[in-house]
2 protein chains.
Amino acid sequence: MNGAESLIETLVKSGVEVCFANPGTSELHLVAALDRVPGMRCVLCLFEGGVTGAADGYARMSGKPAATLLHLGPGLGNGLANLHNAKRAHSPVLNIVGEHATYHLKYDAPLTSDIQAISSAISASTLTATSSGTLAADGAKALAAAKTGMGQVSTLIVPADAAWGEGGVVAATVEPPPRAKVSSERIKQAAAALLKGNAMILAGNDATHRRTLVMAAAVAQKTGARIATIGRNPRVQRGVGTAIVERLPNPARQQIKALADIRQIILIGEEAPVAFFAHPNEPSVTSHQDCEIIPLASVHDDIENCLDMLMAETGASLETLKLQDLSRPALPTGALTPDSIGAALGALLPENAIVADESITVGRSLYKFTVGAPAHDWLHLPGGAIGIGIPLATGAAVACPNRKVINLQADGSGMYTLQALWTQAREKLNVLTLVWANRSYKILRDELSNVGLPNPGPTALSMLDIGNPALDWVSLAKGMGVEGRQVTDIEGFIEAVREGLAMNGPYLIEVVL
Amino acid sequence: MNGAESLIETLVKSGVEVCFANPGTSELHLVAALDRVPGMRCVLCLFEGGVTGAADGYARMSGKPAATLLHLGPGLGNGLANLHNAKRAHSPVLNIVGEHATYHLKYDAPLTSDIQAISSAISASTLTATSSGTLAADGAKALAAAKTGMGQVSTLIVPADAAWGEGGVVAATVEPPPRAKVSSERIKQAAAALLKGNAMILAGNDATHRRTLVMAAAVAQKTGARIATIGRNPRVQRGVGTAIVERLPNPARQQIKALADIRQIILIGEEAPVAFFAHPNEPSVTSHQDCEIIPLASVHDDIENCLDMLMAETGASLETLKLQDLSRPALPTGALTPDSIGAALGALLPENAIVADESITVGRSLYKFTVGAPAHDWLHLPGGAIGIGIPLATGAAVACPNRKVINLQADGSGMYTLQALWTQAREKLNVLTLVWANRSYKILRDELSNVGLPNPGPTALSMLDIGNPALDWVSLAKGMGVEGRQVTDIEGFIEAVREGLAMNGPYLIEVVL
């Protein structure tokens, strides 16, 4: 058994079921091992940003790490932006990065680079294997690092000779350390703070799933506190039968307004609210200067246990909690606008849908129209690096083959990683992509005045205009084997969405705004 | 004057004429400064791999650094693979990477990342500006680092408050240190080695330009040595009137064979030849074990001065040197194969063409058919990270608007950075893209047996097959505003190439193999 086979067998035995891959020469023994060791599905992406974004989407929906297979430093570099997003989403991801054979490194062949340095920017753990005999044990450790806490990005660098060398030894599963429990003293302090008035529970990450969010909402109802999420959580379960919570707006000024009356924020699986970007002469912190921040449970703590204790401490009950009723908007008529699009989505969103949301500006009004739709999952953009939507939807569809994935996709961001459409076609994934073709980096247009540049010149305007030439998304999709159509009015949008929802496979709608 | 304006004015005064950009919020003041300070052309790319690959192509053809404008760590990450290539091409590139405002960093907002760590993998110099008053001086230093030696990747990290803050001070140009001169003692040693017999001059980088290569060839002719280049130089000037040199094959086994009789290799602007990848039970070093490696001039040394001295030492003369004659193959008929494609290119290549070559496997036979074509430049892939061809052609066309750029493009590699086609359409660049649609990672198929895997299983084969579904490059190009057509026979290929050469603007031919 060579090192590669021992690694793949170890990972399969430890529960890794999927590998998103874009391999090169240095990874060929790992690819060959996937044939010899059954049990891991291998999904090819044509660009590494697709690989890593798909691994993130898979992890968010399955709760399990996928492996990625990446080619040396440049392959890891190409996957870096979506690994940044995975890191910020606290998604468990195990990167397997090929490296030159140990004895070949000193010759500084063309593809040699400092993989460790690149990895350090996005990985909680980076391990470099040193031999075929110890590769699988390193893999088991790297996998445990990926599963630590809510989840982490973990990178295993595999020299080619560690993969092809004989003497591989299958390793036992390494269990990650248990998630830390919140002390009863901190529970008491938080409960007391909640009862002071002007309090808010800010729930994030694992606290925004159906089961956890209703517990947090019950505590809020019992104590009279507000409960909110920030609009960039990895996975929010919402719609009929879920907890009713506020969503704090992302733009800093609006967030400051929303938090103006709050004097205690109890963080559960969330961090203190700050501005996404600094703006001249505006504060970085969006909570009131007199607001006390109470970090009750960190992202990686045991959230369910914390909420159990907090419910007991406050006497909260799930039985009296008001949950979201079915409340769909009517199908809209009139102009094609973000609001009419939101109403149409709210009217049509199918039960159990997974929404992969990289809408950026257009999406701001979509959320409120879907709050009363049948139960669904909403995947946000926690890391802020654009180019995640199409890969994220791809990975979510691999994780949940029996659910409809709807990718709400800004056009500028979509162009970063459009290659993932090909993987959707190849794997016949059930993804409906809605591209908001405003043909502009619209969010930057909005940001100009925020950063004190209300009167941009022609160069600046030209850098934010992506409409010359206009992108033709139907042709782009066709080029990668995905059917699609363009719509320019609300009637066409409704018809196309119905068509796309009825299909079992990828479909793309270019929505010209 | 704010910091951003002082930086842009400093760079313009120091000769930076072009900025390839994909900015975000943290770079908006830099974008605005481009309006207020005239003199720098700003070229938008829809993905950062396009930005950095274009900067490389521009640098190789102009000999000058372009600036890039990148958005925080994820933007630099997206540009990393082609910065790896630029580093290996010794191209002068000045990255300007936006960063959060200094006082905002401690809040670890979503887009915060370790830009310094990412940069360290590809930059010879990384500077982080600290204030608006010193930003321009840092910029002048960073530019000098880019211009050091043959050229380097240099990165300047610009916190948003250093850009928007007042008190910017325009800085004087900082000259890079002069390129080191080779000592006359080393020249004497090299001349003696050349006369020993079984010697080879291996010329690379700045030694493969028209003027330098004829000097090296004259020395070889005079001393009876062989002269060769490795097939991955950033820019080789070849065709009619240029020096006649061997090209060492890239595959290690073939390179070993080509070097079997050589006992002295004199390196001029080149490094000792090694295998691109290690293969089990094969040597890393491709020269004979008894071959002496004589590093005469390093990449960054003063190559022209070295060759002047070496000519004088050996008594070589340009006057008796045999140069390449015009010798085009006949237009081919018959099947569409790499050889017939090569013959067609050899017959049709226009004078002064710039060939941006990311052909990978298909391209191996194209080189020999074009050796006697009218004078042209050939840009190879020194770094080995795929996804450079389309951006490289884009940057070369920006540098040389009056020349025809021909991008020989493998399909698998082309999919990495296809977004650069849009920039070609937007800027109306004179680029003819020939996509070799073999619908496979063919080089990896070839590598399987090299690494000892002659019988790949279905998973491995599936990971190397990109034909399901087949990419439709004409639709992909159309989606980005570039006209194109598909050809399936040699007659169609010849007709389409003639059509593409006659156009003044971007055009794409999908060549189905």
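Predicted model: local features only at pLDDT ≥ 70, side-chain atom pairs only at ≥ 80, totals over all residues.
**Where the chains meet**

- The contact between the chains involves 81 residues of chain A and 81 residues of chain B.
- On the side of chain A that touches chain B, helix α2 (residues 28-36) of chain A gives the most, with 6 residues.
- By residue type, that side of chain A has 49 nonpolar, 24 polar and 8 charged residues.
- Of the interface residues of chain A, 100% are also interface residues in chain B, so the copies meet through the same surface.

**A helix pair in chain A**

- Helix α9 (residues 184-194) of chain A packs with helix α12 (residues 303-314) of chain A at an angle of about 55°, and their axes are 9 Å apart.
- Angles that are not roughly parallel, antiparallel or perpendicular count as oblique, and α9(A) and α12(A) are therefore oblique to each other.
- The crossing in which α9(A) passes α12(A) is right-handed.
- From α9(A), the residues A:Ser184, A:Ile187, A:Lys188, A:Ala190, A:Ala191 and A:Leu194 take part in the contact.
- Their partners in α12(A) are A:Met309, A:Leu310, A:Glu313 and A:Thr314.
- The contact of α9(A) with α12(A) is made up of 6 nonpolar, 2 polar and 2 charged residues.

Key. Residues numbered from 1 in each chain as written. Chains lettered and ligands numbered in written order. Contact = placed C-beta atoms within 7 Å. Helix = DSSP H or I, 4+ residues; strand = E, 2+ residues; numbered from the N terminus. Nonpolar A, V, L, I, M, F, W, Y, C, P; charged D, E, K, R; others polar. Axes fitted to C-alpha atoms, helices over the stretch in contact; angles between N-to-C directions. Parallel < 35°, antiparallel > 145°, perpendicular 65-115°, else oblique. Left-handed = near helix turned anticlockwise from the far one by under 90°.
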